[in-house]
Amino acid sequence: MVRSNLKVFSFFIAGCVSALCPASLSYCADERQPQEMFERYEIRVIRPKYFTKTGRMETGAQLSIVMNQSFIYTYLATGLLDYHFSETLALEGALAYGFSIDKEDKRVLDSNFKIKTQILRTQYFMEGGLLYTPIYGKYQLSSGRLIYVDMFLSAGGGMTGVNYLYDQCPSPNEVPEGTEVSPPPSPSVKTYPTFFFGAGQRIFMDKKLSLRWDVRGHVFSYNKADGACDPGTAEAASGVQTNITMQLGAGYFL
């Protein structure tokens, strides 16, 4: 009889514990135990997505450097304006204008070997296209701070302006006496349709400011006669040029 009463009492105690401690909880004890058990541990909660872009405008400024030119350095100040339709898709417009500086290789070829180089100097580009952002993530520094990033792909079209200096053309006073040569044309800028593609990354500093880098390929077809020393008599022939740019800067979300 005593054993039966003990069994009933144990079931009663178990029922009370179950009522006080829901099944979803993995631990139920007095208030002192959790503090004592976990006082040496730091517990972090995984945060939801920190930054949203949907329906927001983004303005940006970058320095663009053409990286695949043999005889010149080209630098362009670049402005960006984006509208984000969603977290993954955005429309972007870009305008860049800059200048070129001759490398030492070009000077040596000219002064030591009398070799003239014909160069396509990019002066500006105007482009518009789409950004697709398939990757969003974060990583933690040793200090404990979380850094949020996203990575995107870009593609679109526009126009590239090429500045022809005609400095490869001999002037009349540089040729042997008795040789007739037309004076070189005046410097001019020609514009060509362009297709671009690329990839990049944003590193968010806060909910409005981000650091941003892009690598892009700008492909355009040009008329070789435009750079000839005598464009009027040169045969029309097309060429294809690809400018690879590294673009470094920042973006600001409105």
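Helices (H or I, at least four residues) and strands (E, at least two) are DSSP runs, numbered from the N terminus. What we have here is a predicted model, in which local features need pLDDT of at least 70 and side-chain atom pairs count only at pLDDT 80 or more, while totals for chains, interfaces and linings use all residues. Residues are numbered from 1 along each chain as its sequence is written, and side-chain values use heavy atoms, with hydrogens and water left out.

Is Gly217 buried or exposed? With a relative accessibility of 2%, Gly217 counts as buried. Buried means under 20% relative accessible area, exposed over 50%, and partly exposed in between, with a 1.4 Å probe and protein chains only. Setting aside residues up to four places away in sequence, Gly217 touches Phe195, Phe196, Phe197, Asn243 and Ile244; contact means heavy atoms within 4.5 Å. The C-alpha atom of Gly217 is separated by 10.0 Å from that of Thr194, 23 residues apart along the chain.

Let me now turn to the chain as a whole. Its secondary structure comes to three helices and eight strands, and from the N terminus on the order is α-α-β-β-β-α-β-β-β-β-β. The chain has 254 residues, of which 32% count as buried. Among contacts with a separation of 6 or more, 68% are accounted for by residues 24 or more positions apart.

Next, the nonpolar core, meaning a set of buried Ala, Val, Leu, Ile, Met, Phe, Trp, Tyr and Cys residues joined through side-chain atoms within 4.5 Å. Which residues make up the largest nonpolar core? There are eight: Leu120, Val162, Tyr164, Tyr166, Cys169, Tyr192, Phe220 and Tyr222. The elements that give two or more residues to this core are S5 and S7.

Leaving aside neighbours within four places in sequence, its contacts include Leu120, Tyr192 and Tyr222. Tyr166 is found in the loop between S5 and S6 and is buried, with a relative accessible area of 6%. The phi of Tyr166 is near 55 degrees, a positive value in a residue other than glycine. Most residues other than glycine have a negative phi.

On aromatic rings, the rule is that rings of Phe, Tyr and Trp (its six-membered ring) pair if their centres lie within 6.5 Å; planes under 30 degrees apart count as stacked, over 60 as edge-to-face and the rest as tilted. By this rule there are eight aromatic pairs. Tyr164 and Tyr166 have ring centres 6.0 Å apart and planes at 25 degrees, so the pair is stacked. Ring pairs also link Tyr192, Phe220 and Tyr222 into a cluster.

Finally, the structure holds one disulfide, that is, a pair of cysteine sulfur atoms within 2.5 Å. The bond joins Cys169 to Cys229, with S to S at 2.1 Å. Cys169 lies in the loop between strand S5 (146-164) and strand S6 (188-204), and Cys229 in the loop between strand S7 (209-223) and strand S8 (238-253), so the pair ties together parts that are 60 residues apart in sequence. The torsion about the S-S bond is about -100 degrees, so this disulfide is left-handed. Cys169, at 6% relative accessibility, counts as buried, whereas Cys229, at 31%, counts as partly exposed.
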